[in-house]
Amino acid sequence: MKDYEIVIGLEIHAEVNTNSKVFCSCKNEFGSAPNTNCCPVCVGLPGALPVLNKKAVEYTIKAGLALGCEINDIAVFERKNYFYPDLSKAYQISQLVKPLCLGGGIELDNGKFARLNRIHLEEDAGKLTHKNQTIGTLVDYNRGGIPLMEIVTEPDISSADEAVEFLTKLRRTLIYSGVANCRMEQGGMRCDVNLSVKEKGSNVLGTRTEMKNLNSFKMVRRAIEYEAKRQIEELESGGKIVQQTRKWDDNKGKSFPMRSKENSNDYRYFPDPDLLTIEIDREDVEEIRKTIPLLAEGRKKIYVEQYGLPEYDAKILTNDKFISDYFENCLKIAHMPKQISNWIMTDVLKLLKDYPTEDLTNIISEKNLMEIISLVEKREITRPNSKALFEIVSTATISRNADKFENEDLTKDESTEEINAKKLAEQNGMLNSFSHEELVTAVENALANFPNARKDYNETPDKVLRFYIGKVMAFSKGLANPQEAEKLLKAELEK
Ligand SMILES: [Zn+2]
């Protein structure tokens with residue numbers, strides 16, 4: 001068998017995070033009752049005129065700047081003509097010749113720079129749901145007219161691993177920039193994969209196929225692995241690759257031919273006469289650039305260099321913005337980065353696996369986590385008890401927020417009493433009844449009241465230590481923690 005290289009280009013659609021749609025004032029909202037966020041503009045009634053949402057343009061430019069693109073001086077909306085029931089006006093408003101952003105790219109861990117070709121702004125289509133034969137297909141136009149960024153790469157990606165890494169980094173940048181939520185399970189980010197294979201070292205690209213609307217990274221990986229293998233086997237057996245669009249069936253783990261692939265001239269693009277050319281002012285671009293917040297890499301750097309966290313921890317904490325935000329909210333309560341990071345990395349993330357949510361306060365509030373950390377720091381609770389307290393507080397929080405988890409059958413706790421970590425620790429008898437301050441006093445008293453005993457410390461340290469521990473325990477009526485007492489005594493005696 002010959003050696004083959006895989007050549008992959010991606011087209012990613014991400015819904016822009018605006019309040020309203022791109023050419024009308026209907027709500028941009030997921031999960032509304034079907035066909036309730038619609039008006040004559042977004043369902044394309046004759047005579048209805050589009051009005052451009054400025055925010056959608058700004059956000060697309062912001063995404064472009066965050067990804068290192070050049071911003072064009074002008075951008076033109078064009079009509080992409082085709083007929084399909086999810087597109088009632090029989091054309092989609094998109095950009096072809098003059099998109100908003102050009103170039104840019106993302107650096108992969110192996111050092112490769114995967115280039116972007118462009119980012120343009122267009123409108124989303126409605127959503128079709130195929131029911132059984134009696135009901136037929138249902139259409140919901142709520143999604144029609146939602147602003148959609150289309151991010152097109154150059155064919156720089158050469159494996160499923162690289163594709164998934166690229167998508168992960170792209171998604172993270174869009175979320176950190178605040179321009180898109182990229183909720184893949186809601187269709188907020190979808191990916192088309194263009195794939196061809198060629199003989200290793202050859203400059204001639206093979207014929208490519210396209211797989212559309214892959215909406216999870218797992219699907220992207222499986223579809224790429226399947227399609228590369230299929231094409232190589234086809235060529236090896238003397239066959240030819242046909243340029244076509246293929247449908248990926250995730251259940252069957254196979255792709256099937258859908259239609260022969262269209263070229264852009266099949267769509268008869270032409271400038272939309274109802275929309276003006278967008279002229280982009282350089283000063284506006286610079287203003288938008290200033291609104292780009294610190295992205296994952298920038299936050300990671302601070303966590304390592306300023307907070308002293310290990311590289312690995314900083315990476316995990318910044319992988320998802322909602323985790324990084326939670327960490328920073330905790331820091332605002334008390335600046336204990338290492339302790340907070342330890343609790344998040346172990347206990348909080350372990351629970352997140354069982355209770356997926358984008359809001360960690362559904363698992364435990366920042367205030368309660370910090371209360372537990374503070375009890376440990378002040379030695380008002382033992383370590384095992386602090387873990388047990390975390391369990392009690394998080395269980396109460398999770399059952400209070402039962403309806404906020406995607407896949408859980410939990411009984412909701414309807415009580416209105418505030419969940420308070422310290423109170424729960426008291427109620428469960430978890431607090432050390434002898435405080436750290438009291439212990440320090442007890443140690444000082446024992447040493448002051450029996451000054452002669454310490455003289456033998458150099459000869460018989462264990463015996464002397466035991467003597468003083470006994471005094472401290474007697475003084476505290478047995479409530480002091482003997483290990484803590486020993487630590488403090490040792491430190492004093494060795495002075
Ligand atoms: Zn509308």
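Is Y468 buried or exposed in this model? Y468 is buried, its relative accessible area being 0%; the classes are buried for under 20% relative accessible area, exposed for over 50%, and partly exposed in between, with a 1.4 Å probe and protein chains only. The structure is a predicted model, in which local features need pLDDT of at least 70 and side-chain atom pairs count only at pLDDT 80 or more, while totals for chains, interfaces and linings use all residues. Residues are numbered from 1 along each chain as its sequence is written, and side-chain values use heavy atoms, with hydrogens and water left out.

The domain assignment divides the chain into domain 1 (4–286), domain 2 (294–427) and domain 3 (436–493); such bounds come from an automatic or database domain assignment. Between domain 2 and domain 3, the C-alpha centres are 37 Å apart.

Distant parts of the chain are linked by the pair C24 and C39, which are 15 residues apart and both placed in the loop between β1 (4–15) and α1 (54–66). Helices (H or I, at least four residues) and strands (E, at least two) are DSSP runs, numbered from the N terminus. C24 is buried, at a relative accessible area of 13%. N35, also found in the loop between β1 and α1, is partly exposed at 38%.

Most residues other than glycine have a negative phi. N35, however, has a positive phi near 60 degrees. A positive phi, near 50 degrees, is likewise found for C182, which lies in the loop between α2 (160–177) and β12 (189–199). C182 counts as buried, with 1% relative accessibility.

An open sheet is formed by 3 strands in the order β5-β4-β16, with antiparallel pairing. β5 (91–94) and β16 (270–271) stand at the edges with a single partner strand each, so one side of each has no neighbour in the sheet. Two strands pair if DSSP finds at least two bridges between them. Strand β4 (residues 78–81) is joined to β5 by 4 bridges. Within this pairing, R79 has I93 as its bridge partner, and K80 stands opposite Q92. β4 and β16 are connected over 2 bridges in the antiparallel sense, with P271 in β16 as the bridge partner of E78.

K80 also takes part in a contact with an aromatic ring: its charged end sits over the ring of Y267, 4.5 Å from the ring centre. The criterion is that NZ of Lys or CZ of Arg is within 6 Å of the ring centre and within 35 degrees of the ring normal. The charged end of K89 sits over the ring of Y91 at 5.4 Å from its centre.

Rings of Phe, Tyr and Trp (its six-membered ring) pair if their centres lie within 6.5 Å; planes under 30 degrees apart count as stacked, over 60 as edge-to-face and the rest as tilted. One of the pairs, Y307 and F327, is tilted, with 6.4 Å centre to centre and 55 degrees between the planes. Y307 lies in the loop between α5 (296–305) and α6 (311–319) and F327 in helix α7 (residues 321–333), so this pair ties together parts 20 residues apart in sequence. Y307 is partly exposed at 22% relative accessibility, whereas F327 is buried at 0%. The pair of F467 and Y468 is edge-to-face, because the ring centres are 5.3 Å apart and the planes stand at 75 degrees. F467 is partly exposed, with 33% relative accessibility, whereas Y468 is buried.
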